[in-house]
Amino acid sequence: YAFLVTENRTLANDIFIPRDKLKGGKKNTVFEDELMDTQSELIALTLNMVGKAEDKIFAYCSIEAKSQMFNVFFELDGKIKTLNEMGIAPFRAMELLRTGTHGLDKIKEVCAKYNYPTPTEIKMIYDVKTKKLNVAYQYKEICSAKTNIGAGEVFMNWVTDKKNEST
């Protein structure tokens, strides 16, 4: 378990990689720094595309063997809102989702470069006010024919859970 802060101290990040998943990875902070930079780029992309001062950004990343998906939702004034509910123009929303999904390739590259396993799921919560980024990772297969659940369903379940928590 590690707590990292970027050089410019604008984003903080909790990282947890189970010891049994390290598989001989290099034990230095370069991997964590590169991974955090890549995650921070996804949050920055979202902030730039949305252009509104949300309270929190929730970013979902699914990186499975045969599929990838990136999607986001927000907390604004204590209410959970999807991209559609934020009034984002459809072409901008699609550009954000497409660019974010392509950004997941960089996460795979960073993990491969340092001989770390690629997470199958990443859930990021960025607090806009405190500039703190909390991240949760999964390494087991989540979205596949075997599990009979898709990434979109997992994402919508997370949105629903957060909406229920906020009411």
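How many aromatic pairs does a search of the whole structure find? The search finds nine. Rings of Phe, Tyr and Trp (its six-membered ring) pair if their centres lie within 6.5 Å; planes under 30 degrees apart count as stacked, over 60 as edge-to-face and the rest as tilted. This is a predicted model, where local features need pLDDT of at least 70, side-chain atom pairs count only at pLDDT 80 or more, and totals for chains, interfaces and linings use all residues. Residues are numbered from 1 along each chain as its sequence is written, and side-chain values use heavy atoms, without hydrogens and water.

**Aromatic pairs**
- The rings of Phe58 and Trp158 are edge-to-face, because their centres are 5.7 Å apart and their planes stand at 85°.
- This pair links distant parts of the chain, 100 residues apart: Phe58 is in strand β3 (residues 56–63) and Trp158 in helix α3 (residues 151–166). Helices (H or I, at least four residues) and strands (E, at least two) are DSSP runs, numbered from the N terminus.
- Tyr60 and Phe155 make a tilted pair, with ring centres 6.3 Å apart and planes at 50°.
- Tyr60 lies in strand β3 and Phe155 in helix α3, so their pair ties together parts 95 residues apart in sequence.
- One aromatic cluster is formed by Phe58, Tyr60, Phe73, Phe155 and Trp158.

**Burial**
- Phe58 and Trp158 are both buried. Buried means under 20% relative accessible area, exposed over 50%, partly exposed in between (1.4 Å probe, protein chains only).
- Tyr60 counts as buried at 0% relative accessibility, and Phe155 at 4%.

**Asn115**
- Asn115 sits in the loop between α2 (90–113) and β6 (121–127).
- Asn115 is partly exposed, at 45% relative accessible area.
- Asn115 and Phe31 are 84 residues apart in sequence and 9.4 Å apart in space, C-alpha to C-alpha.
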